[in-house]
Amino acid sequence: ELAMVPGMTLERVQRLAPFVKVSQSLVATGQRGININTAPFEVLLGLGMQQAQAEELLKERLNLPVTQAQVQQLIAADQTLAGRIKTNSTEFTVYARVKTPSRTSWARAVVGVLGQSPRRKTVVRQIEFH
């Protein structure tokens, strides 16, 4: 996915590669996948969707999120999407600017959501200051 981000070159991807990974600590195997409601156009193409199909999906999700029933229809039409797409996320990266009287820095946190409502729990897995 990183290589599909506008402005990313092969050189940039190679420099970033040691610092990029797919998290497996909080997300069970059956829950992994790309959130089709937040995936950018380039990622949808990277999943194997046709350009027209990806454009249509982006237009549709402006009004309402993609449902699980729609995901099942997409998978029925293209089995390669099975296990690769989903309609929600359980792990997030949060960036924040931290201001103190003497300096300003950035914080990056990886936050996961465990369990189901009403016992859902948020877990901060990692915090880095830059």
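Which residues does Leu81 touch, not counting residues up to four places away in sequence? I began my notes with that question, and I kept in mind that this is a predicted model.

**Entry 1: Leu81**

I listed the contacts of Leu81 and found Leu47, Met49, Leu74 and Ile75, with residues up to four places away in sequence not counted. I then looked up where Leu81 sits, and it is in the loop between H4 and S2. Leu81 is buried, because its relative accessible area is 1% and the cut-off for buried is under 20%. I also checked Leu81 against Met49: the two are 32 residues apart in sequence, and their C-alpha atoms are 8.8 Å apart in space.

**Entry 2: the chain as a whole**

I stepped back to the whole chain. It has 4 helices and 5 strands. Read from the N terminus, the order of elements is α-β-α-α-α-β-β-β-β. The chain has 130 residues, and 23% of them are buried. I looked up the contacts with a separation of 6 or more, and 35% of these join residues 24 or more positions apart. The accessible surface of the chain is about 9500 Å², and carbon and sulfur atoms account for 55% of that surface.

**Entry 3: the largest nonpolar core**

How many residues does the largest nonpolar core have? I noted 15 residues, and those with the most contacts inside the core are Ile36, Leu44, Met49, Leu81 and Ile85. The elements giving two or more residues to this core are helix H2 (41-46), H3 and H4. H4 gives the largest share, 3 residues.

I followed Ile85 from that list. Leaving out residues up to four places away in sequence, Ile85 touches Ile34, Ile36, Leu47, Val71, Leu74 and Ile75. Leu74 and Ile75 had already come up in my list for Leu81.

**Entry 4: helix H4**

I went to helix H4, residues 68-77, and looked for its buried residues, which are Val71, Leu74 and Ile75. Viewed down the axis of H4, the buried residues fall within an arc of 95°, so they line one face of the helix. What do the buried residues of H4 pack against? I found helix H3 (51-60) and strand S2 (85-86). On the face turned away from the buried side I noted the exposed residues Ala69, Gln73, Ala76 and Ala77.

**Entry 5: Asn37**

I looked up Asn37 and found it in the loop between strand S1 (34-35) and H2. Asn37 is buried, with a relative accessible area of 18%. Asn37 touches Arg61, Pro65, Val66 and Thr87, again with residues up to four places away in sequence not counted. Asn37 and Lys86 are 49 residues apart along the chain, and 8.2 Å separates their C-alpha atoms.

**Entry 6: strand S4**

Is Ala107 buried or exposed? Ala107 is buried, at a relative accessible area of 12%. Its contacts are Val94, Tyr95, Ala96, Val98, Glu128 and Phe129, not counting residues up to four places away in sequence. For Ala107 and Phe129 I noted 22 residues of separation in sequence and 4.4 Å in space, C-alpha to C-alpha.

Ser105 is in strand S4 too. Ser105 is buried, with a relative accessible area of 10%. Apart from its neighbours within four places in sequence, Ser105 is in contact with Ala96, Arg97, Val98 and His130.

**Entry 7: the salt bridge**

I looked for salt bridges and the count came to 1. Side chains of opposite charge can pair when their charged atoms come close. Here the side chains of Arg108 and Glu128 meet, at 3.4 Å from N to O. Arg108 is in strand S4 and Glu128 in strand S5, so the pair ties together parts that are 20 residues apart in sequence. Glu128 counts as partly exposed, at 26% relative accessibility.

**Entry 8: Phe129 and its patch**

I ended with Phe129, which lies in strand S5, residues 121-129. Phe129 counts as exposed because its relative accessibility is 58% and the cut-off for exposed is over 50%. Which residues make the nonpolar surface patch of about 330 Å²? I noted Val124, Ile127 and Phe129.

Technical notes: Residues numbered from 1 in each chain as written. Predicted model: local features only at pLDDT ≥ 70, side-chain atom pairs only at ≥ 80, totals over all residues. Heavy atoms only, no water. Buried < 20%, exposed > 50% of the residue type's maximum accessible area, 1.4 Å probe, protein only. Arc of directions from axis to C-beta. Contact = heavy atoms within 4.5 Å. Core = buried A, V, L, I, M, F, W, Y, C linked by side-chain atoms within 4.5 Å. Areas by Shrake-Rupley, 256 points an atom, 1.4 Å probe, with all protein chains shown as cover. Patch = residues over 30% accessible without salt bridge, like charges linked within 9 Å, V, L, I, M, F, W, Y side chains within 5 Å. Salt bridge = Lys/Arg side-chain N within 4 Å of Asp/Glu carboxyl O.
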